[in-house]
Amino acid sequence: MTKKFDIDAVARAIEADAGEALPDLRQALKEAQGGEGRVTTPEQILVRQAREKSGLTQAAFAERIDTPVATLRDWEQGRFSPPGAVACLMRLIVSHPELAGELAA
């Protein structure tokens with residue numbers, strides 16, 4: 001049996017860590033609690049968020065970080081998690097999207 005949790009309390013904690021409101025979070029938590037829906041990992045969110053903040057397509061972002069586009073897709077879709085150094089790079093890009101442009105040099 002899955003342990004029930006307070007969806008609003010968990011959502012508030014996650015949004016506090018993220019520093020922003022996450023519109024679909026409560027619905028996702030409700031689905032997770034009910035055992036339905038798909039699971040999204042923090043790594044998936046991080047990679048997707050870094051790419052979106054850079055303003056690049058998957059192909060262009062993969063090229064910037066010198067990674068095959070198929071690998072980037074695997075990270076974004078949760079099939080695999082990025083290695084630690086890549087996750088660190090993603091956190092830097094989320095905080096400083098202009099860094100993605102500097103990787104082209």
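Helices here are DSSP runs of H or I with at least four residues and strands are E runs of at least two, numbered from the N terminus. The model is predicted, so local features need pLDDT of at least 70 and side-chain atom pairs count only at pLDDT 80 or more, while totals for chains, interfaces and linings use all residues. Residues are numbered from 1 along each chain as its sequence is written, and side-chain values use heavy atoms, with hydrogens and water left out.

**The whole chain**

With the C-alpha trace displayed, the protein chain spans about 50 × 25 × 20 Å along its principal axes. Colouring by burial shows that buried residues make up 28% of its 105 residues; buried means under 20% relative accessible area, exposed over 50% and partly exposed in between, with a 1.4 Å probe and protein chains only. Among contacts between residues at least 6 apart in sequence, 48% join residues at least 24 apart, a contact being heavy atoms within 4.5 Å.

**Helix α3**

Next, select residues 42-54, which form helix α3. The end C-alpha atoms of α3 are 18 Å apart, which agrees with the 18 Å that its 13 residues should span at 1.5 Å a residue; the expected span is 1.5 Å times one less than the number of residues. Show the side chains of Gln44, Leu46, Val47, Ala50, Arg51 and Ser54, the buried residues of α3. These pack against α4 (58-64), α5 (69-76), α6 (84-95) and α7 (98-102). Beyond the helix, select Gly55, which follows α3 and has a positive phi, near 80°.

**Gln44**

Centre the view on Gln44. The side chain of Gln44 reaches the backbone nitrogen of Thr41 at 2.8 Å. Leaving aside neighbours within four places in sequence, Gln44 is in contact with Val39, Trp75, Glu76, Gln77 and Gly78.

**Helix α5**

How values were computed:
Polar contact = N/O pair within 3.5 Å; in protein donor to acceptor, adjacent residues only side chain to side chain.
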